[in-house]
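Here is a friendly walk through one protein chain. Take a look at the sequence and the model first, and then we can go through the details together.

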Amino acid sequence: MAKPFEFSWRIPVPDVLQIGCVFDIWDEEYSVYESNCIVKVDEYGFFICWKSEGREGQVLECSQVNDIRLGLAPKVSEPKIQDFLDKNAHSLENRTVTVCS
């Protein structure tokens, strides 16, 4: 007789990721800067979602993420972003997350 097997596919997602945090987002692909975005992960850990006031929300499937880098400021030539980076360079090192997809 075969032993019953119960498959548990769900990985626990920490509450802090489900609640979300406020980030400023720079989308390199579309050269779009959004400030004060709420960024969070869904309860199953499948999607990263972000939304800023007055803008439509965005979703990135976690399977599309190939790297997450801490402490790296993006190399950006966009004047608006470069000014922001220049003014805050001393404090950004410990507050920067780059999601590569």
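## A buried cysteine

C37 counts as buried, at 0% relative accessibility. Please keep in mind that this is a predicted model. C37 sits in strand β2. Leaving out residues up to four places away in sequence, C37 touches C21, V22, F23, I25, W50, K51 and S52. For V22, the C-alpha atom is 5.3 Å from that of C37, although the two residues are 15 apart along the chain.

Apart from neighbours within four places in sequence, S52 is in contact with E34, S35, N36 and C37.

## The nonpolar core

Which residues make up the largest nonpolar core? The set has eight residues, namely V13, I25, C37, V39, V41, I48, W50 and L60. At least two residues of this core come from β2 (32-41), and at least two from β3 (47-51). β2 gives the largest share, three residues. As background, nonpolar side chains in soluble globular proteins tend to be buried together.

Not counting residues up to four places away in sequence, I25 touches V32, Y33, E34, C37, V39 and W50. Among these, C37, V39 and W50 are also members of the core.

## A nonpolar patch outside

On the surface, F5, F7, W9, Y44, F46, F47 and V59 form a nonpolar patch. Together these residues have about 810 Å² of accessible area.

## Cysteines without a disulfide

How many disulfides does the structure hold? The count is zero. In general terms, a disulfide is a covalent bond between the sulfur atoms of two cysteines. The sulfur of C49 has its closest cysteine sulfur in C62, at 8.4 Å, so the two are too far apart for a bond.

C49 counts as partly exposed, at 25% relative accessibility. C100 is buried, with a relative accessible area of 17%.

Back in strand β2, N36 is worth a moment. Phi of N36 is near 55°, a positive value in a residue other than glycine. For comparison, most residues other than glycine have a negative phi. N36 counts as exposed, with 54% relative accessibility.

## The chain as a whole

Zooming out, the protein chain has two helices and six strands. Along the sequence they follow the pattern α-β-β-β-β-β-α-β. Of the 101 residues in the chain, 19% count as buried.

The accessible surface of the protein chain comes to about 8300 Å². Carbon and sulfur atoms account for 54% of that surface. As for contacts between residues at least 6 apart in sequence, 37% join residues at least 24 apart.

Note on methods. Residues are numbered from 1 along each chain as its sequence is written. This is a predicted model: local features need pLDDT of at least 70, side-chain atom pairs count only at pLDDT 80 or more; totals for chains, interfaces and linings use all residues. Side-chain values use heavy atoms; hydrogens and water are left out. A disulfide is a pair of cysteine sulfur atoms within 2.5 Å. Buried means under 20% relative accessible area, exposed over 50%, partly exposed in between (1.4 Å probe, protein chains only). A nonpolar core is a set of buried Ala, Val, Leu, Ile, Met, Phe, Trp, Tyr and Cys residues joined through side-chain atoms within 4.5 Å. Helices (H or I, at least four residues) and strands (E, at least two) are DSSP runs, numbered from the N terminus. Contact means heavy atoms within 4.5 Å. Patches are made of residues with over 30% relative accessible area and no salt bridge: like charges are joined within 9 Å, nonpolar side chains (Val, Leu, Ile, Met, Phe, Trp, Tyr) within 5 Å. Accessible areas come from the Shrake-Rupley method with a 1.4 Å probe; for residues, only the protein chains shown count as cover. A salt bridge is a side-chain nitrogen of Lys or Arg within 4 Å of a carboxyl oxygen of Asp or Glu.
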